[in-house]
Amino acid sequence: MLLGEEEQFLSYNGEVLVFHLSKAKQVDGTADKTTNLHVRRMAFDRDTKLFVQKSSGVFNMQVCHLKTEIICCSCITDSRTGIVLPCILMKTNKRTDVVKYLILLLHSSNQFEKSFHFKLDYEMKEDIRLFTGPSVLWRHANKLFYISSNACTVLSAPVQLSSVVWTGEIEDEGTVVLGVRAACLPETEDEDEFSTSDRAIWGSEFFGYVVETQKMLRGMCFMPHAYSTVVSSVYVCKNETLKKQLRISLVAVTYKNQLIWFQDGLPKGVCELPYEKPCSVKTAVTSSNGLLFIVSFASGNVCVVQRRDTLQVASKWQKVKSVLVDDFIGSGSEQLLLLFKDDSDTDVLSTFKITDLGEVNYASGINYKHDVPTAEGLQGNGLLTVQALETRLQAGCTSVRELQQHLDLKKKVILESCRALIDLVEERTHVLPPAKKVKCKREGLVSLWDDVENPPHSLTKETSLASKVPDHFIEKLWQRVVGDSLVVGVKLTESFYLSLTDVSLSLVVDQDFSSISPIIKCQNKIIKLNEAFSALSVSSCQNEPPPKKRKLDLPGKNDLKKGFAKRGPGAQLDGAKTVVAVTSLSPLLAFHRVCCVILLHAKKQSCQNDSLQESKKITVLCGKITLSLEDISHGKYSVKMLRDNSYFTGSFEDIFAVLAISVRFSFQVVSSDCTLTPVNSWLLGEMECTPFKECHDNIFCHKAGNVYGTVFNWTLKNPFEGILTLFCRNLTALFQCLHSLTRVLPPRCDIRLLRSGSKGVLTEQLALALEKEILISRGSFFSKESKAENSLTWGNGPGKNISDAPVASLLDSEEGVQQFRKKLHDEREECLRSMNQTMNGALYQEMALKVAEAQLHSDMIVWRLS
């Protein structure tokens with residue numbers, strides 16, 4: 001620091017030392033040629049929340065010099081007493097060819113002590129450091145020099161180096177200099193082979209030099225040599241010697257604007273810094289956030305990096321004059337003191353901020369006079385708060401451990417259940433783990449089937465039902481890979497499919513992977529094609545109206561027959577249905593090769609009477625598929641859509657795969673003034689669509705961009721009204737298609753989104769659903785009435801009523817009239833009792849469930865029509 005320039009700051013025992021130079025004045029007021037070094041001790045007042053001056057001192061240089069400057073200041077250990085004292089390195093020039101350097105120590109009485117001085121014929125400019133002694137170290141002409149108070153002679157280290165990145169104390173070694181030099185490849189084979197090749201590639205290496213013993217340390221103990229070209233500054237956080245091996249933890253900043261954490265010579269974490277040209281890094285140990293790394297930049301910016309699970313930038317500031325680390329508020333832990341640049345204020349400590357990125361946060365310009373609690377009260381409250389939080393943390397850790405044990409238990413139960421399911425559908429006997437084996441693991445699992453001769457009724461029923469499935473119900477099992485999705489399809493015969501409802505597929509990993517769940521999450525769709533290939537529709541998992549959250553069945557057997565019988569001859573079935581499951585491909589490929597079992601779940605309809613049907617759940621094994629990276633890399637399961645003259649050609653499976661990963665949207669297009677002939681021109685022209693060879697009404701868009709792969713179906717009801725159906729991979733493609741369509745349609749054209757299906761088909765489905773709802777309600781009512789009638793008895797004898805005796809004979813006498821009146825009274829009471837009949841809870845639950853399912857189905861269709 002030159003005379004008249006800004007002050008230099010140093011933190012010492014919670015105080016801020018401010019150093020500055022000034023010219024001495026004579027008695028008559030004229031300026032003297034001698035220079036004085038001033039120091040002010042500033043302490044933070046917790047009452048006023050400001051820095052106040054505690055004391056000051058001055059040092060007279062006594063000799064006239066042309067130029068005086070403070071080079072640097074630091075806190076070092078005095079080798080005579082072992083006490084840490086502030087140390088200042090001064091430079092004075094008498095002549096241009098000789099530079100004198102002076103080392104000063106500042107004592108607690110504000111008295112400066114001359115430690116030693118030395119002269120050089122050049123100026124120190126590179127990598128100047130103060131350390132124990134006091135001692136001074138610097139670099140000049142790629143050589144290392146140092147001088148100490150014990151031997152006031154400039155010594156030169158026998159090493160060539162290009163930079164010094166750190167100087168400090170290493171356990172059992174003393175003062176160590178970590179530097180970078182040109183690689184010196186060993187002539188012997190004693191060195192580590194990796195270290196040798198690393199140095200040979202990068203041409204430079206790290207090295208450690210012990211000042212007291214002139215010993216060389218291996219640079220690989222600190223960090224790999226590959227970082228020698230980018231590291232600008234290092235801070236060693238911890239060092240120790242274990243079993244005669246040096247263990248070091250450090251952080252380094254690089255010219256690539258990164259902060260890297262190294263543990264025992266290996267990188268353990270990296271963080272991108274928010275500013276360019278980081279020049280130094282130091283640490284702070286706070287009470288709330290632990291270890292913090294403070295990085296200073298050449299532009300005057302500062303950022304703090306916090307080390308939790310990863311290195312993350314916790315805070316950053318701009319226009320910072322200086323950043324100091326110490327216990328400024330006397331809390332027992334360190335805080336950061338940020339001094340900001342402010343040209344308007346003359347006081348150096350007028351613009352500041354004290355923080356530990358936690359509870360401590362003081363800043364200049366804020367009025368704290370309304371703070372009610374005192375400092376001692378705040379500390380007491382803080383202690384109580386910390387104790388309460390520690391108790392809650394311990395309780396939370398206990399809960400987390402219990403939850404983890406519970407999740408592990410659930411995972412093992414699910415794995416065993418999946419193995420039992422696979423054995424069930426493959427008609428194998430599943431062997432459960434013995435109870436003793438499970439109990440020894442303290443999991444609390446005991447087999448429910450142990451010591452039971454006959455299996456449960458439900459299991460026997462499920463097995464027998466699965467065995468009654470026809471042998472040739474599956475025509476084909478196929479798989480395709482589209483992007484990052486795996487599409488699996490099962491083609492069912494018509495006779496088998498029409499007897500099913502609520503059809504879905506499951507993919508189960510047929511391998512014992514303990515790290516993942518064997519059940520694969522997938523989305524199911526049902527795809528059907530008509531015989532003439534003139535229309536195509538995809539029925540995905542039914543979306544329910546917002547208030548409804550219960551899963552519904554697909555239409556029953558009778559509904560399907562009636563629904564398709566009324567659509568006309570052009571909508572005949574092709575004799576088969578395809579059920580498709582779509583799942584993410586990348587999690588499966590993580591195991592390179594995996595085998596999956598395909599299971600079909602459905603409800604099979606069985607007729608009980610003329611009006612009601614009973615649904616029985618079945619699970620059918622459809623087969624297995626195998627996936628491997630090698631097959632996918634060779635395109636074995638890729639979709640092959642090729643252009644054949646004016647058509648796109650591909651197998652039905654390829655078309656199904658493209659449609660399965662797409663989302664269907666149907667729009668009603670109505671034009672009152674003009675015909676809709678421009679739509680065909682738009683599809684074949686601007687959208688560059690080509691019809692499928694297998695089904696001409698569906699056209700494939702091969703226009704470059706997001707809309708590529710979109711499938712269109714345009715159906716004209718009359719020249720002024722049509723239905724446009726799009727199968728898009730995402731909403732972006734849908735919006736682009738609609739935006740392009742609106743530019744070619746007439747201005748007064750109306751486009752309306754259809755929720756699901758056409759209005760006519762939905763009306764027919766609603767009529768069928770209401771009819772089914774009435775039949776269920778009527779059947780439940782008659783079932784109750786018949787059970788109630790069978791339970792009624794009249795009079796004193798069973799099966800006897802008032803009509804058994806002639807009425808005329810009873811009315812001939814007074815006794816007969818009384819008997820007739822009594823029997824009439826008894827019949828009235830029996831009628832009242834019959835009207836208050838109770839119902840069995842299981843019967844009522846079954847009836848209510850059937851009625852609720854029918855009503856939900858009807859409500860869904862009404863919602864789609866609205």
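Helices (H or I, at least four residues) and strands (E, at least two) are DSSP runs, numbered from the N terminus. The structure described here is a predicted model, in which local features need pLDDT of at least 70 and side-chain atom pairs count only at pLDDT 80 or more, while totals for chains, interfaces and linings use all residues. Residues are numbered from 1 along each chain as its sequence is written, and side-chain values use heavy atoms, with hydrogens and water left out.

**Confidence**

The predictor's confidence in each residue, called pLDDT, runs from 0 to 100. For the protein chain the mean pLDDT is 76, and 73% of its residues reach 70 or more.

| Stretch | pLDDT | Contacts beyond four places in sequence |
|---|---|---|
| residues 529–575 | under 50 | 94 contacts |
| residues 788–804 | under 50 | 14 contacts |

Most residues other than glycine have a negative phi, and most peptide bonds are trans. Lys-49, in the loop between β3 (31–45) and β4 (50–60), has a positive phi of about 60° although it is not a glycine. Gln-214, which lies in the loop between β15 (204–210) and β16 (215–218), also is not a glycine and has a positive phi of about 55°. By relative accessible area, buried means under 20%, exposed over 50%, and partly exposed in between, using a 1.4 Å probe and protein chains only. Lys-49 counts as buried because its relative accessibility is 11%, whereas Gln-214, with a relative accessible area of 47%, is partly exposed. In the loop between β9 (126–131) and β10 (135–140) is Pro-134, which is joined to Gly-133 by a cis peptide bond with omega of about 5°.

**Nonpolar cores**

A nonpolar core is a set of buried Ala, Val, Leu, Ile, Met, Phe, Trp, Tyr and Cys residues joined through side-chain atoms within 4.5 Å. The largest one has 36 residues, and those with the most contacts inside it are Phe-19, Leu-37, Met-90, Phe-112, Val-136 and Trp-138. Strand β7 (residues 98–106) gives the most to this core, with seven residues. Not counting residues up to four places away in sequence, Phe-112 touches a set of residues including Phe-19, Leu-37, Phe-59, Ile-88 and Leu-104. Apart from this core lies another, of 31 residues, among them Leu-498, Ala-581, Leu-585 and Ala-602.

**Two open sheets**

Two strands pair if DSSP finds at least two bridges between them. Six bridges join β19 (residues 258–263) to β20, and Leu-259 has Cys-271 in β20 as its bridge partner.

Another open sheet, of six strands, has the order β41-β42-β43-β44-β40-β45, again with antiparallel pairing. Here β41 (689–691) and β45 (750–754) are the edge strands, and each has a single partner, so one side of each is left without a neighbour in the sheet. Strands β43 (residues 711–718) and β44 (residues 721–728) run antiparallel and are joined by seven bridges, with Trp-714 opposite Leu-724 in β44. Helix α11 (residues 731–742) packs on the sheet, touching β40 (663–670), β43, β44 and β45.

Key
Contact means heavy atoms within 4.5 Å. Axes are lines fitted to C-alpha atoms, for helices over the stretch in contact, and angles run from 0 to 180 degrees between N-to-C directions.
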